[in-house]
Amino acid sequence: MIKSIIPNQRKTLPEFSKLVIFVEGNTDAAIVENILYAMAPHLDPTIKVCNGKHRIAKAIKNLTNEGSTKYIALIDADEPSVFDSREEAKLQLGNPSIPVFCAVPTIEAWLFADDKVASSLAKNNSAMRTIERMPLPESIPYPKYLASQVLKIGKSPNRYEILRSLDIHRAAARSPSLRNFLAGICEVLELKSGLPSHSMSSTVSRDVFSTLLRELPGETIAWRTLTGETYSAAELARNIGEGTEIGKQYMTELLRVARDLTLRKAKK
């Protein structure tokens, strides 16, 4: 059964909610189309393939969202942080008036956003084990290559239709850039979203902390130690992902602060 993040709005959208999405290539278009179907089957956006960032920049240069049609652009990221990648994308596309979103690090990472769906596409037992050990989507170095090695996708025009069975809440919780994109669509169309307020993994692990930090600008100073050393959000995310002592110290301190704040709130 397809799950929608807008469960009470299955009727046809009004005319003023028409949506046009500009993407780089055909793969982007197919992945986006099927993920959006999983989110809300009634949405029916127009997806324009521009064949590169420069052509997207040219196509959206003079567009605004003041009229009856709403526009957004989606490109692959050049930064590991969702915030930083969006800022860089705006510059690359000439600071357009319409919203710009990024897939981090590339659109193929979203194929792993719902790990259960990804596992169902595993080529063999070895690929299944690889998927089970994988980090969260934003932390996969080369998702396009990995997808070609472990997923049974094929080359048919309908090869991405499996994404229509995504658990959107699970996928958005595991992928900050996907959650950001879907939330942006709901905002542009003025639709109520039931998405999680933050992206997290399904279990409390290093991925939770790493994912939360990647939602911040990478250069943001996120922690100062007792000895006065400072660490940016990007540095901490990397340390946590690698399981270093610095990463462990940060997670321990964060949990203690959260525990104390929760205790205080409970006593009020």
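**Exercise 1. A salt bridge between neighbours**

With which residue does Arg259 form a salt bridge, and how far apart are the closest N and O atoms?

*Solution.* The model examined here is a predicted one.
Step 1. The partner of Arg259 is Asp260, and the closest N and O atoms of the pair are 3.2 Å apart.
Step 2. A salt bridge requires a distance within 4 Å between a side-chain nitrogen of Lys or Arg and a carboxyl oxygen of Asp or Glu.

**Exercise 2. Salt bridges within helices**

State how many salt bridges the structure holds, and explain how Lys90 and Glu87 are placed along helix 3.

*Solution.* 
Step 1. The total is six salt bridges.
Step 2. Lys90 and Glu87 form a salt bridge in which the closest N and O atoms lie 3.3 Å apart. Both residues belong to helix 3 (residues 82-92); because they are three residues apart, about one helical turn separates them.
Step 3. Lys90 has a relative accessible area of 28% and is partly exposed. Glu87 is also partly exposed, at 35%.
Step 4. A second example is found in helix 11 (residues 245-267), where Lys248 and Glu245 are three residues apart and hence separated by about one helical turn. Their side chains form a salt bridge with an N to O distance of 3.8 Å.
Step 5. Lys248 is partly exposed at 42% relative accessibility. Glu245 has a relative accessible area of 53% and is exposed, since the limit for that class is over 50%.
Step 6. Salt bridges may also be joined together: Asp114, Asp115, Arg170 and Arg174 are linked in a network.

**Exercise 3. Helix 9 and helix 10**

Determine whether helix 9 and helix 10 are roughly parallel or roughly antiparallel, and describe their contact.

*Solution.* 
Step 1. Two packed helices are described by the angle between their axes and by the distance between those axes.
Step 2. Helix 9 (residues 206-214) and helix 10 (residues 233-242) have axes that cross at roughly 165° and come within 9 Å. Helix 9 is therefore roughly antiparallel to helix 10, because an angle over 145 degrees falls in that class.
Step 3. The crossing of these two helices is left-handed.
Step 4. On the side of helix 9, the contact involves Arg206, Phe209, Ser210, Leu213 and Arg214. Helix 10 contributes Ala233, Leu236, Ala237, Arg238, Ile240, Gly241 and Glu242.
Step 5. Sorted by class, the contact of helix 9 with helix 10 comprises six nonpolar, two polar and four charged residues.

**Exercise 4. Helix 1 and helix 8**

Describe the orientation of helix 1 relative to helix 8 and the classes of residue in their contact.

*Solution.* 
Step 1. The axes of helix 1 (residues 26-39) and helix 8 (residues 176-188) are 12 Å apart, and the packing angle is about 65°. The two helices are therefore roughly perpendicular to each other.
Step 2. The crossing of helix 1 and helix 8 is right-handed.
Step 3. Val32, Ile35, Leu36 and Met39 of helix 1 make the contact with Leu178, Phe181, Leu182, Ile185 and Cys186 of helix 8.
Step 4. The contact of helix 1 with helix 8 has nine nonpolar residues, no polar residues and no charged residues.

**Exercise 5. Backbone angles in loops**

Identify where Asp44, Glu190 and Pro105 are located, and state the backbone feature of each.

*Solution.* 
Step 1. Most residues other than glycine have a negative phi, and most peptide bonds are trans.
Step 2. Asp44 is not a glycine, yet its phi is positive, near 50°. Asp44 lies in the loop between helix 1 and strand 2 (46-49) and is exposed, with a relative accessible area of 66%.
Step 3. Glu190, also not a glycine, has a positive phi of about 60°. Its loop runs between helix 8 and helix 9, and Glu190 is exposed at 70% relative accessible area.
Step 4. The peptide bond from Val104 to Pro105 is cis, with omega near -10°. Pro105 belongs to the loop between strand 4 (100-103) and helix 4 (115-120).

Conventions: Residues numbered from 1 in each chain as written. Predicted model: local features only at pLDDT ≥ 70, side-chain atom pairs only at ≥ 80, totals over all residues. Heavy atoms only, no water. Axes fitted to C-alpha atoms, helices over the stretch in contact; angles between N-to-C directions. Helix = DSSP H or I, 4+ residues; strand = E, 2+ residues; numbered from the N terminus. Parallel < 35°, antiparallel > 145°, perpendicular 65-115°, else oblique. Left-handed = near helix turned anticlockwise from the far one by under 90°. Contact = heavy atoms within 4.5 Å. Nonpolar A, V, L, I, M, F, W, Y, C, P; charged D, E, K, R; others polar. Buried < 20%, exposed > 50% of the residue type's maximum accessible area, 1.4 Å probe, protein only.
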